[in-house]
Amino acid sequence: MAPSTSHASVLLIATILALLLAATPITCWRPWPHLKPNSSDLLYDSSKKFEGSSEFVHLRYHMGPVLTGNITVHTIWYGRWEKSQKKIIREFINSISTVNARPPSVSGWWRTVQLYTDQTGANISHTVQLGQEKNDRFYSHGKSLTRLSIQSVIKSAVTAKSKPLPTNPKNGLYLLLTSDDVYVQDFCGQVCGFHYFTFPSIVGYTLPYAWVGNSEKLCPGVCAYPFSVPKYIPGLKALKSPNGDVGVDGMISVIAHEIAELATNPLVNAWYAGQDPSFPVEIADLCEGIYGTGGGGSYTGQMLLDHDGATEAD
């Protein structure tokens, strides 16, 4: 199926639930390899509604900055990417600020993100726009990256002799996307993406950034769930991906997750729960894997079907 804004963007409307954490007891879930196959959590199927059972999580504002000005997303394409794959991701980012979109929509989800404020009462910006892009198709730092070498990739992009990415620490976000043949530290076992900020000692600037990887070759059953399911968990059935690209469709929800948390906690000192900012519970964490009403555990929640059977969030 050809990529379309409506198909790619609607996946993330479910993440609305992730932004209601202050009043919603939901447990984060992905089919990580360490889960035991006989765990009762894996037995919930599409015929049973299940509500998460975690304690209430109280997000607190820790007085750090949030992104109240127009947000510009500068993208680094690391590795080899098809034009169709870039199109899906660009259309999703562009859809965040779409005006008068029909529900369910990504812009409707983003209005929930906008409810978060800084210490002056200013809200998260409505505007999220694509900025400049940088292609690193020759794997300048290799095909196996650490968290620190990710910062070196960003440094290369902002200091390149030819068309460097602009440095905008106040409202610029830097989105590093790795292709399906690149491994990143902790990928597939602990994370599908993460965000932090660059160190001036490495990059020369403090820049909020996120990394998200294409898991299609490495662990689609984990990081592209529910469009792929792991073989070690019986009873789960993969859903049809909206754009026919399991790896990239799986990335969309992770990209949304990280952009929402970058907007509300760009320097890891704004909105989060817990005592340790090194391991915070942020706004999109507790509803990971929830795509519709009644979701929790391995059950994604009630979802809609497109005309050709592709899944959409409710």
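**A chat about the nonpolar core**

Reader: Hi! Which residues touch the most other members of the largest nonpolar core?

Author: Of its 67 residues, Ile-89, Phe-92, Trp-109, Trp-110, Ile-150, Leu-177 and Ile-255 do. A nonpolar core is a set of buried Ala, Val, Leu, Ile, Met, Phe, Trp, Tyr and Cys residues joined through side-chain atoms within 4.5 Å. Buried means under 20% relative accessible area, exposed over 50%, partly exposed in between (1.4 Å probe, protein chains only).

Reader: Which element gives the largest share of this core?

Author: That is H6, with 10 residues. Helices (H or I, at least four residues) and strands (E, at least two) are DSSP runs, numbered from the N terminus.

Reader: Is this model predicted, or what is it?

Author: This is a predicted model, where local features need pLDDT of at least 70, side-chain atom pairs count only at pLDDT 80 or more, and totals for chains, interfaces and linings use all residues. Residues are numbered from 1 along each chain as its sequence is written, and side-chain values use heavy atoms, leaving out hydrogens and water.

Reader: Thanks! Why is helix H3 called largely enclosed?

Author: Because 7 of the 8 residues in H3 (residues 106-113) are buried. Among them are Trp-109 and Trp-110.

Reader: New topic: is Thr-72 buried or exposed?

Author: Thr-72 is buried, at a relative accessible area of 12%. Thr-72 sits in strand E2 (residues 71-78).

Reader: What does its side chain make a polar contact with?

Author: The side chain of Gln-129, at 3.1 Å. A polar contact is a pair of N or O atoms within 3.5 Å; within protein, one must be able to donate a hydrogen and the other to accept it, and residues adjacent in sequence count only if both atoms are side-chain atoms.
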